[in-house]
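Here is a short briefing to read alongside your sequence and 3D view. Keep the model open and follow along as we go.

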Amino acid sequence: MMPSDWRPPTLATDRLVLRPFCEEDVEPLFPLAANPHVTRYTLWDAHQTVEDTRLFVLDYAPGCYREGTPEPYAITRKADSRGLPVGAVGCFWVSRANYTMELGYWVAEPFWGRGFAPEAARALLASVFAEHEVERVQARVIDGNAASVRVLEKVGFRPEGTHRAGLFRRGKFEDVRMFALLRSEWTREVESTPKPLQ
């Protein structure tokens, strides 16, 4: 168990800052997480009241942090001086014994199509492979979520097949597509990324 005040390190990209959630995020996050368009393919349901968001920010997130888990991060934009969240990204342990984590992410609808999800995921993966004893990071995508598949492909994940009727969600069975990225593949992905001119 980590110290009760442990938080994952803040990460930065060209356009984004990924940081731990804090109490001030509750009010601005609620309308984003309440949008049913955002949760069409998520495992979590659209927030119905601000109390749902409060539980996520003040109960779920600190519980993960106390376990030393880099989940969830608030995705914020450098261009926003207020640093308001526009989504979330994180990696949680599926099996520590098997060195396996799972990646999850979502971006608020007003910010779709800007490449924020792959940019945030790439930064988090770099941190996870550097700081954690993880060999495999997997991701689940509910069949039909083409946008999420594109995010995973952009950061080097490979498809591993479909779990037919692998999820019972909101009263019906869903097919779930599996993707994964291994440490060796991430290393090659990083090595093959063009470096900026000095």
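Val128 sits in helix H3, which spans residues 116-131; helices here are DSSP runs of H or I with at least four residues, strands are E runs of at least two, and both are numbered from the N terminus. This is a predicted model, where local features need pLDDT of at least 70, side-chain atom pairs count only at pLDDT 80 or more, and totals for chains, interfaces and linings use all residues. Residues are numbered from 1 along each chain as its sequence is written, and side-chain values use heavy atoms, with hydrogens and water left out.

**Around Val128**
- Val128 counts as buried because its relative accessibility is 0% (buried means under 20% relative accessible area, exposed over 50%, partly exposed in between, with a 1.4 Å probe and protein chains only).
- Leaving aside residues up to four places away in sequence, Val128 touches Pro70, Cys91, Met101, Val134 and Val137, where contact means heavy atoms within 4.5 Å.
- Trp93 is 35 residues from Val128 in sequence, and their C-alpha atoms are 11 Å apart in space.

**Strand E4 and its partners**
- Strand E4 (residues 85-95) is mostly covered, with 9 of its 11 residues buried.
- Strand E3 (residues 73-77) runs antiparallel to E4, joined by 4 bridges; two strands pair if DSSP finds at least two bridges between them.
- Ala88 in E4 has Ala74 standing opposite.
- E4 is also antiparallel to strand E5 (residues 100-107), with 8 bridges joining them.
- Ser95 has Thr100 in E5 as its bridge partner.

**The hairpin**
- The hairpin of E4 and E5 has 4 residues between the strands, and Tyr99 takes a positive phi near 55° there.
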